[in-house]
Every structure is written in structure tokens, then in C-alpha cells.
Amino acid sequence: MIIMTNKFKHIICAAALVTGLSGCSDFLDILPMNEVVLENYWTEKGDVTSVVNSCYETLEHGDCLTRMGVWGELRSDNLRLGAQVSNEINEILKENLLPSNPMCSWGKFYEAINRCNTVCYYAPQVQAIDPNYTLEEMKANIAEVSAIRALCYFYLIRTFKDVPYSTQPSIDDSQPYVKAATPFNAVLDSLIINLESVKDDAVNRYYTDDSPNAYQNSSRITRWAIYALLADLYLWKGDWDNSIKYCDLVIDFKRRQYKEMLEREGNVNNIDLFGDIPMILEKKIGTTQCGNTYNEIFGEGNSFESIFELYFRTNQSQQNTWVSNYYGNNTNTMGRLSAPDFLCKDVAQGTNTVFKKTDGRVYESSELNNSRYAITKFVRRQVAYSTQNVTKEADLNLTSSRRSSADANWIFYRLSDMLLIKAEAQIEKGEEGYQSAFNLINIVNKRANDVTTSARSDTLKMADYISSKASMEELLMAERQREFMFEGKRWFDLVRMARRDGNNTRLISLASRKYIENVNAIKIKLADPNIIYFPYAKSELKVNPLLVQNPAYGNEEDNELTK
């Protein structure tokens, strides 16, 4: 359901919220709140802060995080079954997706949305009565939760296309919250308009970059996180100029941040300029081992390149169960999912068609486990290896350590996103943007292949791609797959491409590469233009008569997932 209504817990849980939700972690799981709670709550700044924090906690919840991974990655050519895969996951992998599948439920996302709506509704009232809660703080909080709400809706429309949309909170049980689905483009436009109205109210930085708490600058919504989200939203809208504008704002911020770092520290051995863009080096200056990029971005988290990611290190009541269950952990080297052979096989031998043998991203993110490629991205705490003179995998001399707990951060946006979103927008603008787009793609690729000096030549040649828009798009999509594999983006990339193409031809060609059995049947199924979206959950259709099922699944509403 969009909004669940049940009153009996509200009074018990209200006091717990003020102390950080520790006494009743499911407070606001069931909304709306009744009048008794409202009379005694929303009276001071701390009340707002607590609910803002709970918005992040909802994103971190396993139900929410798992769906981010399933919706954004599972149907793509990046994932296949691993060890002990559950039936609901296996059915999606086989493109046998039914409305009865639990992964079609969206409850946690609407829970987060309603918490955000509630903050937007009550924060101005609190600011009017609490002198310690300034207007600037109130506007910053509204910008913060507006971005979280927009991110949730963005996941929903990319997954389901048309979804129920509201920016009003469910406060009173008498309010009807059965809503018809709002069209994709109308939701997208509304998200952009809203974020444009609040973007400059958001905090620039919560702490100085040399503070022990600086991780919050990328684990909470900042102005730069909103700019990154706007760049992505405009990309999906097809507004290339605005997408480029917001990418540039974030890239310029990273340039300033790097300059400040140099002024503060004098010497920086882990970051260098690629062209005029600062990027984390695969090898720290003065060292011979690669892996530094992975270690900082994924091993440690909240790196220089980070823009927004969920932080799990200090809150072990919430764990990154998507990574620990589906990719792997300290005890299970093979998670429920694995990578297909074409992505990872024979890279070191130089015969892989996706990765060059010098591309560290494949070695950092996967390892051969019996007959399958286990996913190690996010799973490993640290890696070290050499890509010099490699002819077989043993030549890498790769060493690694794995996480002892499920505390891997989950990254939404980082600097590479901005470079590749900008490159995509420039390609779509036309031929005049090809050179600039190639340069940005090449920066991402050069960093991954440890191309920092003349000792190693570029692995990409512009002459191979400049001849046509289709070739440039192919290059862009290939680099996005290499850079972001297993990060919950690939299926959405394929959907965006299909929406722009007006057909599923290229999506089918790419997505079907992982299949060994029933390939033709899967290709036929994927030809339906509506099949690229998930069906509405059967439970949602029962409680919301205004929802009309995706026609690609309309005849299967009554089917049950095989137990």
C-alpha cells in the first residue's frame, strides 16, 4: 500500500523518536500519526532532526537496500545466480517476473517518502515556535528530505514507470490515500521543479574536510548531492544542457576541494589531475601496487570522489545486507549472485571483450570461485596487485582482505557519475560534443588502467568511435558498465537507452548476453516495450483499485510464485 494506517503504536513510540529511535525502531513505519501524538510532538528542533535521521534509516533498511540492488541490477547483464539463490530472485533472473514476487513490493520506499513529506509539513511550524530552530536550518532540512524523497521516487519510476505520487503527508486516518498512478514524465518533471526550488537551501558541507566527522559531507544530503541528482534527472528527461550544467557544478566543486587539500596538506600522493579533473590514483605516488582507487572508494568509503552514499560504519543496527547476502561476506566467498563469464573470464590473458588486461576494475570486483565469478566489489576491505607485464591472473600477485562485518557503504553518486553523465549528455547533443565526451570517458578509463604517464598508452582510441553517434553511445554504455558494475545502475542504464531508442532492440542484445539457456524465449519476452518495467505487486492491486497493471503482466496477476 502507499500508506498504511494503524494507530495503536504511535503514543508509545513518540518519545522514543526524540532519543534517536532506539526505543522503538519501527516508529513511523506505520503512519499516519493520531492527534494525541501530534499535540505533544513537533514542538522543537530535536523533533525535526530525529525524523530527518529516520529518513536515512529507512533507506538503509534491508528491504529498501535489497530492492535498490534488485531493481537496478538484477535483470541486467551484470548478474547471474550464485549460491543458494532464493526462488523470488531466481525467477527474476529467468525473466519470469510475476506480480506475486515479493521484490515487486514498494512499501519501504513509500515509508521513506511519507517521512520526508511529514518533515516538509511540520518543520515550518516548529521553526515558528522554537527560537533555537533557525529559518536557515529549517530550509536546509526541507532541502535534505526533499532530495531523499526525490531519490525514492526516482527509483520507483525507473522500476515501475508510472507510480502513485504525493508530496503531502499522511497525517490523519481520515485522509484517503488511494491514488492512481502518475505518469513517468509528470513525476520526473515534478521532482525537478521541487529540487530546483530548494537546491540552494541545502548545506554545502557539514564539517571541514579534515574533520573526523567529514564523512557526513557525503553520507548526508548536501547541495552537491542535489546537483548530482538533478544532473541525473535531467539526463532522463533529455534536457542535455541542464544535465551538463549540474555535472559541471559538481566537477568544479571537486576541483576546489582538491585545491584546498593541496593548500592544507602541501602534498597529496593519492590524487592527481587527469586533464584538469582530480581523480583518486590506482597507485599512490611513490608506490608500485594498484588497488588504491578501490580501497578508498569502496573499501573505506566516503572518499574524495564521493558525492552521496549510505554510511553503515557507526550504526550496526543497520547493515548492508544486500552486499553481505547477495555478493558475499567474510565467511561466504560466493554470495547468492555472481557475475557472468563474459564479464570476467580471461581478462589477464587479454582475450576478454569487455575489459583490457590492465583494467583493475575487474580484478578488484570479482574472483573465480570454482566455476563461477564471485562478486567482491564492496565485499573486500582492501586489495593490492600489479597490472604490469600480466599474461595470466597469477601475474597480478593479488592480495586482499574481506570485511568482518556488513558495513560496506552503498554509493549513489560519485565523481565518475558526473563525468559519464556529462559525456552521455554531450553525445546526445550531437557531433559537436563527441570530442569532449570522449575525453571524459577516457579519463575514467585511463584511471582504471593506471595510465598516468607516457609509460602506458591509452587503451581507448577516439578514431575507433568518432565515426557515428551509435559508436559513441556504445563506448559510453561500455564504460558505464565497467565503472559501475554491481553498483545498482546497469538495468536502469539499459532502460534509459531503450526509452530513448523507442524500442528494446539494444537492451535485448546486451541483457541477453548472460543467458545460456532459453535465450530465444527470453529475447522474445523482452521485446514487449512494457516488460522493461516491473509489475505492480499483487498486494498493491488489491488495496488500491485505482492502479492499473502494466499490460506486459496483465494476464498473470493471479499467478503465484512457485514455492
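Which residues lie nearest the centre of the second largest cavity?

1. They are Thr 293, Phe 298, Arg 361, Glu 364 and Glu 483, among 13 lining residues. A cavity is a set of points on a 1 Å grid over the protein atoms alone where a 1.4 Å probe fits but cannot get out, and lining residues have an atom within 4 Å of a point.

2. This is a predicted model: local features need pLDDT of at least 70, side-chain atom pairs count only at pLDDT 80 or more, and totals for chains, interfaces and linings use all residues. Residues are numbered from 1 along each chain as its sequence is written, and side-chain values use heavy atoms, without hydrogens and water.

3. The second largest cavity has a volume of about 90 Å³, the space filled by probe spheres set on grid points joined across faces, edges and corners. Helix H12 (292–300) gives the largest share of its lining, four residues. Helices are DSSP runs of H or I, at least four residues, and strands are runs of E, at least two, numbered from the N terminus.

4. The largest cavity holds about 190 Å³ of space. Of its 19 lining residues, Arg 158, Asp 232, Phe 412, Tyr 413 and Lys 489 lie nearest the centre. Strand E12 (410–414) contributes the most to this lining, with four residues.

5. In helix H8 (residues 184–198), the buried residues (under 20% relative accessible area, 1.4 Å probe, protein chains only) are Phe 184, Val 187, Leu 188, Leu 191, Ile 192, Leu 195 and Val 198. Down the axis of H8 they fall within an arc of 140 degrees (directions from the helix axis to the C-beta atoms), so they line one face of the helix. Ile 193 and Ser 197, on the other side of H8, are exposed, that is, over 50%.

Notes:
The expected span of a helix is 1.5 Å times one less than its number of residues. On a 1 Å grid over the protein atoms alone, a cavity is a set of points where a 1.4 Å probe fits but cannot get out, and a pocket is an open set with protein on both sides within 12 Å along at least five of seven lines; lining residues have an atom within 4 Å of a point.
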